[in-house]
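Opening the notebook on this one.

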Amino acid sequence: MDCRDAYLKTEALAKTFSDGALAAVRRISLEIRRSEIFCLLGPSGCGKTTTLRLLAGFEKPDAGKIFLEGKDITDSPPEARNIGIVFQDYALFPHLNVLENIAFALWSHPRKARKAMAKDFLEMVGLSDFASYMPHEISGGQQQRAALARALAAEPKILLLDEPFSGLDTRLRQSVREETRNLLRERGTTCILVTHDQEEAMSFADRIALMNEGLIEQTGVPEDVYAAPSNPFVAQFLGRTNLIEGLANGLNADTPIGIIPIDKSTSGHVLLSLRPEHIVLEPANSSQQSGILVRREFKGHDMTHWVKFGDTDIQVDTDFTCTFDAGTPVLLRIRKAATVLSRTEP
Amino acid sequence: MSSASLAFYRRPARLSAPWFLLLPALFTALIICLPLLYLFLRALHAQPDVIIEMLVRSRTLLLLVNTLGLAGGVLLVTTIIALPLAWITARGNIPCKNVITVMGALPLAIPGYVMAYALIGIGGHYGLATHMLGFYVPRPEGYWGALLALSLYTYPYLFLNLRTAFSELDPRHENTARSLGLSEFKVFTRVTLPHLRPALLSGWLVIALYVLGDFGTVALMRYDVLSYALYTQYIGAFDRTYTAWLGLMLLALAVCFIVCEHYALGTRQKAPPALGAKPPSRSRPLHPIAFVFSVIFIGILFFSALGLPILSLAYWLAQVPAGFDYANLFYSLMRSLGAAIPAAVICICMTLPVMLLRIRYESALSKFTERVLYLGYAVPPLALALAFVFFSLNVIPALYQSVWVLILAYGVGFAALASGPLRTAILQASSRHEEAARTLGRTPRQAFISVTLPALRRGAVTSFILVFLVVIKELPITFLLAPTGYSTLALGMFSHTNEGLLAQAAPFACAILLFSGLSVVILLRSLREAVSTNGKI
């Protein structure tokens, strides 16, 4: 762990809603560093948006504390927190034009200076030509940029992004995401992104936190979390994986697919995660423990093969060079040690 | 998706409601409830044995029977008119469907008492029919007169409801029933009618409440129902206790109607929207005989609901005597405006905080204040006016017989009318905007003023016009509460007609028609808007 102090810190935040025994947020402890792009990732209904609303001050937590730059802001109203937000639907004020929307954020500056400053922010997001347009007259991508400019114009200490790319169509999403990320990097803005899209989270954030049923399951750099998920929920949410039961003995485990390497030394029954792309298919010679290739699924840029070992189905991703036909016996070669998962069910 | 994760999508409890909404909303509820309380107090003033004697009086029973009989008759007639008309305009292959739909709604522009006036003007020695046909045609009056006038005026409420329900009905349900082997008639009774039930019930409720509260029509037709009896009792007798009890009976009947509708509606909900694009409703070719009958039906309906009143009015307008006091007409117009404009403003001030609370800060309290708002509208106007008489006499005697009490009573009676457009506007003004303003440094009050209020401007304007136009033609509340000598358009028309001076009443009726015609145009437009907004949500 880095030794720099946390810029934003939450301690065991909890929030229950009156209409159910369910805790929307059960115990959230986060530490976010200055200028970091952090992502809360989880399925819909996991409490990530509630966490965001707690941070912004729209909801009051039942328990727990929020510290910003070491100061307790748990009881501060939203307007006193200096935390900006870009909503999923952007929430541009419909009665103000694009420029006025941005000037709205500059209220603490002298009236005369506001317009010029707002123009600078518009230029920053490339919307100079649209200053006098009303929000409904510009496209979704432009609305997103205008909302971003408005939030940044208030010079927030932290910027919250609530699924800001989900309203855009797939082709636009990629480029807007990249522009946004570059802009935040350039300005060194500390940012928390909320999304349910694991690909977006992994490509956008410096660190991600996986949320499920009001709890954080795992926090870390995307590569690490993907490669070494701590439990079955994380392993499955971040992408496709094979969950395999096995009997561990040191750095190997005996499994239905044979003896395979594992990532930490242990013994006894274990649950393992083995990513489809970490396996290679090879032709079987009769002496070894082989599986039967039962199905191949062509997906364009790659292929998924389903291999049966007794009761266990294993999926293996290969590229176009793999030409095994269904029904052939095959062997698996493991390219990366399988991850030992903790037994806690999601 | 599991029900557990669905629970997260229910709107979470918001931060507590701000004081600048809570206080006005509570004040609104108080303003509505307090006068009604005085109606109860005044009624309970008498000795118990006197009260019992009054309630079981044979006259009371007769009034009850007459009132229910009239309401039942109007419901029957309006259903007979509205159901086929809605079906034809929604499903039939009649040409000019849109024109027919708009024409079908137009009788709303002819208030019940103006309709009564027009029908009365047809018969009689100097009436239009006698004049044209050359032999004596009796004036419509009593039960049949009131039934006719009220039905012709109120059927559009039911028609518009049913028309919307027909066009919302997913034809796939009917097609499925057909494919399961049901005959066309069975499909109608077992699939289509159940779907129409909510629309039918809410339309019936609106009409029943209107008939209960109507005063102008029954007074002009001289049919002895509760509201007419209350009126004669109020102007003729000194026994205010019996008047109060008549008011209470009206109120009780209104509550009965609402409760009945609530239970008849039950807990059944609308079908969930089916997946995929809804295929267009099938427009089915009518059998030639049915087609001819439809055309005749529509022709007769429009002739009696629109043609006759307009002809009759035009006929009497031509008879206006040379010495007609146009200055009086002008003053009446000014007085109508002078009461309607502040009343509309008050309605918006009363409704806005209540609706904002209801939509943004849902709680038991916000539901209560909203119900109270609708209660004000459901109370029969004569009962409401009577409540204000007692209230002002006891609490603010200085204001009794002042125009302020009249305006306040309008506010209580019509605040609920302002709720429709305001609700639409509030739903469109997402609470995200206010939250965004908060994160940009605004306090709750500043955020409300700078972001939410501007977004409600259009809704408020529509509400204003809606209330304004209804108040302009309001009769019963004005009748009881207008200060002596304060004659509005509606009062002028009513008193002239009541005295048999049909020609003198004609210019007043014309002015009223002008305003109420405008209100129907706006009603139709806001209906369309409401449909499109609900579609979005």
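Entry 1, a buried helix. I started with helix H12 (residues 226-236) of chain B: eight of its 11 residues are buried, so the helix is largely enclosed by the rest of the structure. For me buried means under 20% relative accessible area, exposed over 50%, and partly exposed in between (1.4 Å probe, protein chains only). The buried ones in H12(B) are Leu226(B), Ser227(B), Tyr228(B), Ala229(B), Leu230(B), Tyr231(B), Gln233(B) and Tyr234(B). Helices (H or I, at least four residues) and strands (E, at least two) are DSSP runs, numbered from the N terminus.

Ground rules. This is a predicted model, where local features need pLDDT of at least 70 and side-chain atom pairs count only at pLDDT 80 or more, while totals for chains, interfaces and linings use all residues. Residues are numbered from 1 along each chain as its sequence is written, chains are lettered from A and ligands numbered from 1 in the order in which they are written, and side-chain values use heavy atoms, with hydrogens and water left out.

I found Pro18(B) in the loop between helix H1 (3-6) and helix H2 (19-43) of chain B. Is Pro18(B) buried or exposed? Pro18(B) counts as buried, because its relative accessibility is 13%. I also checked Ile512(B), 494 residues away along the chain: its C-alpha atom is 42 Å from that of Pro18(B).

Two strands pair if DSSP finds at least two bridges between them. Strand S15 (residues 303-309) of chain A runs antiparallel to S16(A), and the two pair over seven bridges. Across that pair, I see Met303(A) opposite Thr318(A) in S16(A).

I counted eight helices and 18 strands in chain A. Its C-alpha trace spans about 85 × 45 × 40 Å along the principal axes. Of the 346 residues of chain A, 51% count as buried. I also looked at contacts (heavy atoms within 4.5 Å). Among those in chain A between residues at least 6 apart in sequence, 65% join residues at least 24 apart.
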